Amino acid sequence: MRKRLAGFVVVSTVLVMGFCPAWAARAGDHAPDFTATDSSGQVHKLSDYQGKFVVLEWTNRGCPYTQKHYSSGNMQRLQREWTSRGVIWLTVLSSAAGKQGYATGPEENAYLKQINGAPTAALLDPTGTLGHLYDAKTSPHMFIINPQGILIYNGAIDDRPTTDVADVQGATNFVSVALEEATSGKSVSNPTTRPYGCSVKYRD
């Protein structure tokens, strides 16, 4: 088994950057299947989306790194662009009850309406089961799964690990680059990057 860098480096009290440990979902591996319920009570299985590209976006509305991409409209733009091209975009809330970013279904639906969000669905994961399955470390932390069920990208949304909204413009968006390459039949040139953002507020 390939040796991988395990653990993570804490850059500040909220910024976490790290490579996925060896046992986590890695680019090139089959993406772990899951079953999760969304903010409207609908059940989603990854296997239901076989034949489609799927994006998993770990989110936390209280995180300034997440806020950067939503207050600028960047995340909503990406959601609209790629869902219009047939990609399934699932936001995931793995914050435990009582912790930053936690939301009930009605609360999340109201929030998405307020910010004009456009994911395919928002998956509620207060137990952290889905988050731990993928070893999601930060909000945002982005994963892309191809139509064959292979994880083809794991990492950051872009190359500007700051909370400055101005840094959205001019950043290299790793998610868009990976999707453009993959949907064109090319290999993803940069399948693994270091995620940045607030640590996921797991129950344990």
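Here's a quick briefing on the sheet, the ring contacts and the disulfide in this structure. It's a predicted model, so keep the cut-offs in mind: local features need pLDDT of at least 70, side-chain atom pairs count only at pLDDT 80 or more, and totals for chains, interfaces and linings use all residues. Residues are numbered from 1 along each chain as its sequence is written, and side-chain values use heavy atoms, with hydrogens and water left out.

**The sheet**

- Seven strands make up an open, mixed sheet, running β4-β3-β7-β6-β5-β9-β10; strands (E, at least two residues) and helices (H or I, at least four) are DSSP runs, numbered from the N terminus.
- The edges belong to β4 (43–45) and β10 (151–155), each with a single partner strand, so one side of each has no neighbour in the sheet.
- On average, neighbouring strands here are turned by 30 degrees against each other, direction ignored, with axes taken as lines fitted to C-alpha atoms.
- Strands β5 (residues 54–58) and β9 (residues 141–145) pair in the antiparallel sense over five bridges; pairing takes at least two DSSP bridges.
- W58 sits opposite H141 in β9.

**Rings**

- There are five aromatic pairs in the structure, meaning Phe, Tyr or Trp rings (six-membered ring for Trp) with centres within 6.5 Å; planes under 30 degrees apart are stacked, over 60 edge-to-face, and the rest tilted.
- One of them is Y65 with Y196, edge-to-face at 6.0 Å centre to centre and 70 degrees between the planes.
- That pair bridges distant parts of the chain, 131 residues apart: Y65 is in helix α1 (residues 64–71), and Y196 is in the loop between α5 (174–183) and β11 (198–199).
- Y65 is buried at 7% relative accessibility, and Y196 is buried at 2%; buried means under 20% relative accessible area (1.4 Å probe, protein chains only).
- Y134 and F143 are also edge-to-face, with ring centres 5.4 Å apart and planes at 75 degrees.
- Y134 is buried at 0%, and F143 is buried at 0% too.
- Ring pairs join F34, W58, Y134 and F143 into a cluster.
- The charged end of R61 sits over the ring of Y111, 4.2 Å from its centre (the test: NZ of Lys or CZ of Arg within 6 Å of the ring centre and within 35 degrees of the ring normal).

**The disulfide**

- A search of the whole structure turns up one disulfide, defined as cysteine sulfur atoms within 2.5 Å.
- It joins C63 and C198, sulfur atoms 2.2 Å apart.
- C63 is in the loop between β5 and α1 and C198 is in strand β11, so the bond ties together parts 135 residues apart in sequence.
- The S-S torsion is about 90 degrees, so this disulfide is right-handed.
- Both ends are buried: C63 at 0% and C198 at 1%.

Notes: Axes are lines fitted to C-alpha atoms, for helices over the stretch in contact, and angles run from 0 to 180 degrees between N-to-C directions. Buried means under 20% relative accessible area, exposed over 50%, partly exposed in between (1.4 Å probe, protein chains only).
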